[in-house]
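The structure is shown first, followed by the description.

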Amino acid sequence: MILVSGATGLNGQELLRVLSAKGVAVRALVRNPAKADAIAALPHVQLVQGDMARPETLAAALRDVERAMLISSSAPDMLEVQSNFIDAAKRAGVKHVIKLSGIMPELDSAFRFARMHGEIEQRLEASGLAFTHLRAGEFMPAYFRQVPNIVAKGAMFLPMEDARIASIDVGDIAEITARVLTGSGHEGKIYPLTGPEALTMTEVAEKLSAATGKTIRYVNVPPEDARKAQLAAGMPPYLADALFELFAERRNGKEAAVWPDAGTLLGRRPKSFDEFARRHAAIFRGEAPPPKV
Ligand SMILES: NC(=O)c1ccc[n+]([C@@H]2O[C@H](COP(=O)([O-])OP(=O)(O)OC[C@H]3O[C@@H](n4cnc5c(N)ncnc54)[C@H](OP(=O)(O)O)[C@@H]3O)[C@@H](O)[C@H]2O)c1
């Protein structure tokens, strides 16, 4: 049996759709079944309730599970909840844990979630379980956060200067994850996952303009102004602080490399930002609500 955690989130839902379409029987770990109607309706998907912050709730969820996908939120307790999951998986006799990690999981990173991912990867490797680290770059849907400004002001405001970033389509991450969960030969592997090109924010704005038929500008903003705007928009302070750290790393070019692994695993070119922008043009025009990211 395969178990997918983070099942109500961005990547978990996409992964469940891919596995379901392939006819793979899968268990979806959810904290709150009331939020899980969409995944509960998928063929071959069985919901199981559990909270990674409460390890005692995980034993039943992990019974007879051979491979598990580990995903949780970018939250202050990420290190603790993912460590709980690894310990519970070990106790339950799970064979292989696949972890959704970050592209630069350095223990001395300025970005708190990169440090946590690095620590979790090490704990997973030390657990004795088979592991695969999927080190994903920026998810393309991160640009949905810019929709209010794009619609109201025709601009995206980011503290990126002219740095490049190689963001990835979450559908591609889901396809790769499904192959790792159902295939062989991925034990002990580390896959950095990016899209096929590294773009400046000026290029991202040009691509969104082309897809929407509207002029969308990129405005570089001082990092402190970006943080204040996020707090004013209601973002929790820990997340605004984490993004402040993350963008400092990005301005240093830490996410500018394009890695070949996604293309190798998919057997095709990963989806481009142009394709993402065209697929979601109605959202960037303000004609459809952006998904929560
Ligand atoms: N944003 C990026 O560009 C980026 C890039 C690379 C890596 N990452 C990493 O990707 C991960 C987030 O992935 P995502 O965006 O797909 O997730 P997401 O949309 O933020 O959703 C998080 C999921 O984890 C679940 N969850 C959180 N805490 C839990 C707990 N204690 N017990 C059970 N379930 C729990 C949530 O359940 P509820 O619905 O109940 O809250 C939700 O299903 C983070 O580790 C982040 O650092 C992000």
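## Helix pairs and cavities

Helix 1 and helix 7 cross at roughly 60°, and their axes come within 8 Å. That angle makes helix 1 oblique to helix 7. The crossing in which helix 1 passes helix 7 is right-handed. The model discussed here is a predicted one.

On the helix 1 side, the residues that meet helix 7 are Leu10, Asn11, Glu14, Leu15, Val18 and Leu19. Their counterparts in helix 7 are Val170, Gly171, Ile173, Ala174, Glu175, Thr177, Ala178, Leu181 and Thr182. Sorted by class, this contact has nine nonpolar, four polar and two charged residues.

Helix 9 and helix 10 form another packed pair, with an angle of about 150° and axes 9 Å apart. Angles over 145 degrees count as roughly antiparallel, so helix 9 is roughly antiparallel to helix 10. Helix 9 also passes helix 10 in a right-handed crossing. Helix 9 contributes Pro223, Glu224, Arg227, Gln230 and Leu231 to the contact, while helix 10 contributes Pro237, Ala240, Asp241, Leu243, Phe244 and Arg251. Six of these contact residues are nonpolar, one is polar and four are charged.

The two pairs are set side by side below.

| Helix pair | Angle | Axis distance |
|---|---|---|
| Helix 1 and helix 7 | roughly 60° | within 8 Å |
| Helix 9 and helix 10 | about 150° | 9 Å |

### Cavities

How many cavities of 30 Å³ or more does a search of the whole structure find? The search finds two.

The largest cavity holds about 50 Å³ of space. Its lining consists of Leu158, Pro159, Pro223, Ala226, Arg227, Gln230, Leu243, Phe244, Phe247 and Arg251. Helix 9 (223–232) and helix 10 (237–251) are the elements that give two or more residues to this lining. Among the lining residues, Pro223, Arg227, Gln230, Leu243, Phe244 and Arg251 also take part in the contact of helix 9 with helix 10. The lining of the largest cavity comprises seven nonpolar, one polar and two charged residues.

The second largest cavity likewise has about 50 Å³ of space. Asn11, Gly12, Leu15, Met69, Ile71, Leu100, Val170, Ile173, Ala174 and Thr177 form its lining. Here the elements that give two or more residues are helix 1 (10–21) and helix 7 (170–182). Helix 7 gives the most, with four residues. Asn11, Leu15, Val170, Ile173, Ala174 and Thr177 are among the residues of this lining and also belong to the contact of helix 1 with helix 7. By class, seven residues lining the second largest cavity are nonpolar and three are polar, with no charged residues.

Note on methods. Residues numbered from 1 in each chain as written. Predicted model: local features only at pLDDT ≥ 70, side-chain atom pairs only at ≥ 80, totals over all residues. Heavy atoms only, no water. 1 Å grid on protein atoms, 1.4 Å probe; cavity = no way out; pocket = protein on both sides within 12 Å on 5 of 7 lines; lining within 4 Å. Points joined across faces, edges and corners; volume = space filled by probe spheres on them. Nonpolar A, V, L, I, M, F, W, Y, C, P; charged D, E, K, R; others polar. Axes fitted to C-alpha atoms, helices over the stretch in contact; angles between N-to-C directions. Parallel < 35°, antiparallel > 145°, perpendicular 65-115°, else oblique. Left-handed = near helix turned anticlockwise from the far one by under 90°. Contact = heavy atoms within 4.5 Å.
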